[in-house]
Amino acid sequence: MWWFQQGLCFLPSALVVWSAASFIFSYITAVVLRHIDPLVPYISDTGTIPPERCLFGIMLNISTFLGIATVYVRYKQVYALSPGEPKIARLNKAGFTLGIISCFGLCIIANFQKYTLFYMHVVGACLTFGIGAIYILVQTILSYTMQPKVFWIRVIVLLWCGSSIASMFVSSVLLYSGLYGTDLVQKLHWNSQEKGYIVHIISTISEWSLAFSFLSFFLTYIRDFQKISLRADINLSGHSVCKTPNSFVADEHTLLIGGRL
């Protein structure tokens, strides 16, 4: 059995690979069509103009679904491993809520492009990366008592994520403060001699760094998810779909997705 066939580890693996592919494919398309500059554009700029906008949107929508599934399985894992511990239960519920909100923000980013609806796009980015960073923090705290071996790896990723957010926030506020001109939101091509070019590059590098810090965090779920299987309990209420007797006549317990506990 291959490693990606063990348990549910294909979920975080698919989330990371698919999300990275959505960035890379839309970037390649936009560069080939000369819609953006090759040197470190904003991720959002790679999904601004058709046809890459269509590719960017549909791929990130699928990433949203994979993200929700991954967050849910992680929630169920922590719930199963720590029954009867109220502090962990509260943190786990908070983490699940934050993770779902972060995934919803990714859906907003996918469907409200920076070029057309900038403020909604910013809201989506804040939900995805801002709330998502808090989700990473909560999961790192949970790892302290439950998974000490992976705890320090998640701490490093959390610090990477935090430094990327700080760098991106400071450089973006400075860039859009008006010191370097107006209408920079719709600017897709930059000249290295222009004012604000260095600040722009710092901002874009920070954004790519932030995105890949998130992907790196979900990579730490792979080994955990190899030990999880998903089962479906099917209750049959009759021998025909047209009949509905008062009592159940058969139960079926089916392994929905293979794995080991």
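Is Tyr72 buried, partly exposed or exposed, and what is its relative accessible area? Tyr72 is partly exposed, with a relative accessible area of 41%, where buried means under 20%, exposed over 50% and partly exposed in between (1.4 Å probe, protein chains only). The model is predicted: local features need pLDDT of at least 70, side-chain atom pairs count only at pLDDT 80 or more, and totals for chains, interfaces and linings use all residues. Residues are numbered from 1 along each chain as its sequence is written, and side-chain values use heavy atoms, with hydrogens and water left out.

The unreviewed UniProt entry places the feature "transmembrane region" at residues 54–73, 94–112, 118–138, 150–177 and 197–222; UniProt positions follow the numbering used here, feature names are shortened, and annotations may be inferred rather than shown by experiment. Residues 54–73 are 100% helix and 0% strand, with the end C-alpha atoms 29 Å apart. For residues 118–138 the chain is likewise 100% helix and 0% strand, and 29 Å separates the end C-alpha atoms. Helices (H or I, at least four residues) and strands (E, at least two) are DSSP runs, numbered from the N terminus.

The largest nonpolar core has 33 residues; such a core is a set of buried Ala, Val, Leu, Ile, Met, Phe, Trp, Tyr and Cys residues joined through side-chain atoms within 4.5 Å. Tyr135, Phe217, Phe218 and Phe225 have the most contacts inside this core. Two or more residues each come from α1 (10–32), α2 (52–81), α3 (86–111), α4 (118–146), α5 (148–175), α6 (197–219) and α7 (222–225). The largest share of this core, seven residues, is given by α4. Another core, of nine residues, lies apart from it and includes Ile43, Phe56, Leu106 and Ile109. Leaving aside residues up to four places away in sequence, Tyr135 is in contact (heavy atoms within 4.5 Å) with Val71, Arg74, Gly95, Leu98, Gly99, Phe217, Phe218 and Tyr221.

Four salt bridges are counted, each requiring a side-chain nitrogen of Lys or Arg within 4 Å of a carboxyl oxygen of Asp or Glu. In one of them, Asp45 and Lys114 meet at 3.2 Å, N to O. Asp45 lies in the loop between α1 and α2 and Lys114 in the loop between α3 and α4, so the pair ties together parts 69 residues apart in sequence. Asp45 is buried at 4% relative accessibility, and Lys114 is buried at 6%. A salt bridge also joins Asp224 and Arg74, with the closest N and O atoms 3.9 Å apart. This pair links helix α7, which holds Asp224, to helix α2, which holds Arg74, across 150 residues. Asp224 is buried at 13% relative accessibility, and Arg74 is buried at 1%. Through shared partners, salt bridges join Arg74, Arg154 and Asp224 into one network.

The structure holds 17 aromatic pairs. Rings of Phe, Tyr and Trp (its six-membered ring) pair if their centres lie within 6.5 Å; planes under 30 degrees apart count as stacked, over 60 as edge-to-face and the rest as tilted. Phe23 and Trp208 form an edge-to-face pair, 6.3 Å centre to centre with 80° between the planes. Phe23 lies in helix α1 and Trp208 in helix α6, so this pair ties together parts 185 residues apart in sequence. Both Phe23 and Trp208 are buried. The ring centres of Tyr72 and Phe96 are 6.2 Å apart and the planes are at 65°, so this pair is edge-to-face. Tyr135, Phe217, Phe218, Tyr221 and Phe225 form one aromatic cluster.
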